[in-house]
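Keep the viewer open as you read.

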Amino acid sequence: MIAPEWRGRLHAFLGGVVRQLDGIPQAVGGAGDHVHLLVGLGAMHRLADVMREIKSVSSRWVHDEVGVKLFSWQEGYGAFTVGAPQREAVVEYIANQE
C-alpha cells in the first residue's frame, strides 16, 4: 500500500525517474494501491524497458527512503495511448484519482 504520508514524495520521485529516462512526465498521481502516469515518450523508447526501470528504481526508493521493505509493484502494467484532444481530460482524471 502507498501510504498518504509518503504518496506525494513517491509521485514526485516517479516524475524524476521518467525525466532521467528522457521522458516527459505530464501527470503523476494515484491512490493507495496504484499510480497513474501520463508520460510523453520518444519514438526510440521501448515501453517495456521504461516500465521495468520505473518499477525497479521506485521499489528500491520505497525500500531505502521510506523504509517499507515489503513494498513491491504488481506484476505487469496497463498502458494506453492518448491523443492530444484527450490529454487534458487524462491530466484531470489523474489529478483527481485519490
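Start with Trp61: its relative accessibility is 13%, so this residue counts as buried. Here buried means under 20% relative accessible area, exposed over 50%, and partly exposed in between, using a 1.4 Å probe and protein chains only. Before going on, note that this is a predicted model, where local features need pLDDT of at least 70, side-chain atom pairs count only at pLDDT 80 or more, and totals for chains, interfaces and linings use all residues. Residues are numbered from 1 along each chain as its sequence is written, and side-chain values use heavy atoms, with hydrogens and water left out.

How many aromatic pairs does the structure hold? There are three, where rings of Phe, Tyr and Trp (its six-membered ring) pair if their centres lie within 6.5 Å; planes under 30 degrees apart are stacked, over 60 edge-to-face, and the rest tilted. Take Trp6 and Phe71: with ring centres 6.0 Å apart and planes at 80°, they make an edge-to-face pair. Helices here are DSSP runs (H or I, at least four residues), numbered from the N terminus. Trp6 counts as buried because its relative accessibility is 7%, and Phe71, at 7%, is buried too.

Now back to Trp61. Its ring and that of Phe13 have centres 5.0 Å apart and planes at 15°, so this pair is stacked. It bridges 48 residues, from Phe13 in helix H1 to Trp61 in helix H2. Phe13 has 24% relative accessibility, so it counts as partly exposed.

Finally, ring pairs join Trp6, Phe71 and Trp73 into a cluster.

Definitions and conventions: Helix = DSSP H or I, 4+ residues; strand = E, 2+ residues; numbered from the N terminus.
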